[in-house]
Amino acid sequence: MSLFSFDKYDAYMRIGWLNKLLGNRGERVAARFLKKQGYKILARQAKNSVGEIDLIAMDRDTIVFVEVKTRSSLATGHPAEAVGYQKQKQISRTALVWLKERNLLNHRCRFDVIAIIWKENTDPVIEHYTSAFDAIGEF
């Protein structure tokens, strides 16, 4: 006997799919936002053996690793609150591998967070936190 009935599992899968769709839309909006600010987008959904970084951009001479969090409401908290210690550590490790693979370890970099609140039938509200956190972990 299954832990979930088909209806509950189906609803769970639909919610996951909708969250992924909202996240992808948020990343596209964040990339456009950064471009308008003069950033050059280097990569989107950059994956390596350690993890994934939503956006990698250049802000003048600085490589910027950007975590994008999009929510349709504040019911589960502010989107930026979802970038806690463990997530910061994962992003830091993923960024290190990305920099090593490209021989860019001596390059200036920083970690930003873009929080998007995108309620139904409204324009997204975008908050950009530059230098949101320092690299975490042993390097």
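Which residue stands opposite A57 in β3? The residue opposite A57 is V64.

## Basis of the model

This is a predicted model, in which local features need pLDDT of at least 70, side-chain atom pairs count only at pLDDT 80 or more, and totals for chains, interfaces and linings use all residues. Residues are numbered from 1 along each chain as its sequence is written, and side-chain values use heavy atoms, with hydrogens and water left out.

## Strand pairing

Strand β2 (residues 52-59) runs antiparallel to β3 and is joined to it by five bridges, where strands are DSSP runs of E with at least two residues, helices being runs of H or I with at least four, numbered from the N terminus, and where pairing requires at least two DSSP bridges between two strands. The two strands form a hairpin with two residues between them, and R60 in the turn has a positive phi of about 55°.

On β3, pairing with strand β4 (residues 109-117) is parallel and extends over nine bridges, with F65 opposite F111 in β4. Because nine of the 10 residues of β3 (residues 62-71) are buried, this strand is largely enclosed by the rest of the structure; buried means under 20% relative accessible area, exposed over 50%, and partly exposed in between (1.4 Å probe, protein chains only).

## Salt bridges

The structure holds nine salt bridges, each defined as a side-chain nitrogen of Lys or Arg within 4 Å of a carboxyl oxygen of Asp or Glu. One of them joins R108 and D61 at 3.5 Å, N to O. R108 lies in the loop between α2 (85-101) and β4 and D61 in the loop between β2 and β3, so the pair ties together parts that are 47 residues apart in sequence.
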